[in-house]
Amino acid sequence: MNVFVYGTLKKGHPNHRLLKDSEFICKAITMDKDYDMINLGSFPAMINGGDYNIRGEVYRVSKETLRYLDALESNGSLYTREEIGVAPTDENTPAWIYAWAYILNNSNIAYSKEIPYNEWDYSKKW
């Protein structure tokens, strides 16, 4: 199954080690501009109800890796894994694909929207 990652799971970031046995598919962007990227201090979160496309990476993961990702992201508690449409930004990839993404599910959590993450510059903190 495909997973869309946008923060500390991306290449070069601390939790990418969980994807070491997964196949990188492509860089991608969410099909819909319905999201925001927020700052939770030591990591970012993607939320519904925003005005942006979010950029990230897509990996094909095993069921075992998905269980590790669910545990890391506290799936069902802090985040909810949802299937979304993403458009690859690399050449020679399909026009669009479905992938699982972890979206923050608790709007009562304090956060900052001061992340210039919705830019193409992958050198940002996340």
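Predicted model: local features only at pLDDT ≥ 70, side-chain atom pairs only at ≥ 80, totals over all residues.
Biologist: What share of the contacts with a separation of 6 or more is accounted for by residues 24 or more positions apart?

Modeller: The protein has 126 residues, and buried residues make up 46% of them. Its accessible surface comes to about 6,800 Å², with 46% belonging to carbon and sulfur atoms. Among contacts with a separation of 6 or more, the share from residues 24 or more positions apart is 70%.

Biologist: Which strand pairs with E6 over eight bridges?

Modeller: Strand E6 covers residues 79–88 and pairs with strand E2, residues 23–30, in the antiparallel sense over three bridges. In that pairing, Ala28 stands opposite Pro88 of E6. Another antiparallel pairing of E6 has eight bridges, and Ile84 has Ala99 as its bridge partner there. The strand that pairs with E6 over these eight bridges, spanning residues 97–104, is E7.

Biologist: In E5, which residue is the bridge partner of Val5?

Modeller: Strand E1 is covered on both faces, with Asn2 and Phe4 buried on one side and Val3 and Val5 buried on the other. E1 pairs with strand E5, residues 55–60, in the antiparallel sense over four bridges. The bridge partner of Val5 in E5 is Glu57.

Biologist: Which side chain of opposite charge is nearest to Glu73?

Modeller: Glu73 is found in the loop between helix H1, residues 63–72, and strand E6. Beyond its neighbours within four places in sequence, Glu73 is in contact with Leu9, Leu78, Tyr79 and Tyr102. Glu73 is buried and has no salt bridge. At a distance of 10 Å, the nearest side chain of opposite charge is Arg81.

Biologist: Which residue meets Glu23 in a salt bridge?

Modeller: The side chains of this pair meet at 2.9 Å, N to O. The two residues belong to distant parts of the chain, Glu23 in strand E2 and its partner in strand E5, 37 residues apart. Glu23 counts as partly exposed because its relative accessibility is 44%. The partner is also a partly exposed residue, with a relative accessible area of 40%, and its name is Arg60.

Biologist: Are Lys20 and Asp21 buried or exposed?

Modeller: The count of salt bridges comes to three, and the side chains of Lys20 and Asp21 meet in one of them at 3.1 Å, N to O. The cut-off for an exposed residue is over 50% relative accessible area. Lys20 has a relative accessibility of 62% and Asp21 has a relative accessible area of 66%, so Lys20 and Asp21 are exposed.

Biologist: Is Asn15 buried or exposed?

Modeller: Asn15 lies in the loop between strand E1, residues 2–5, and strand E2. Leaving aside neighbours within four places in sequence, Asn15 is in contact with Thr8, Leu9 and Leu72. A residue under 20% relative accessible area is buried. Because its relative accessibility is 15%, Asn15 counts as buried.

Biologist: What is the value of phi for Ser74?

Modeller: Ser74 is found in the loop between H1 and E6. Ser74 is partly exposed, with a relative accessible area of 31%. Its phi is positive although the residue is other than glycine, with a value near 50°.

Biologist: How much accessible area do Met31, Trp96 and Tyr98 have together?

Modeller: Tyr98 has its place in strand E7 and is partly exposed, with a relative accessible area of 49%. Together with Met31 and Trp96, Tyr98 forms a nonpolar patch on the surface. The accessible area of the three residues together is about 350 Å².

Key: Residues numbered from 1 in each chain as written. Heavy atoms only, no water. Buried < 20%, exposed > 50% of the residue type's maximum accessible area, 1.4 Å probe, protein only. Contact = heavy atoms within 4.5 Å. Areas by Shrake-Rupley, 256 points an atom, 1.4 Å probe, with all protein chains shown as cover. Pairing = 2+ DSSP bridges. Lys, Arg positive; Asp, Glu negative; His and termini not counted. Salt bridge = Lys/Arg side-chain N within 4 Å of Asp/Glu carboxyl O. Patch = residues over 30% accessible without salt bridge, like charges linked within 9 Å, V, L, I, M, F, W, Y side chains within 5 Å.
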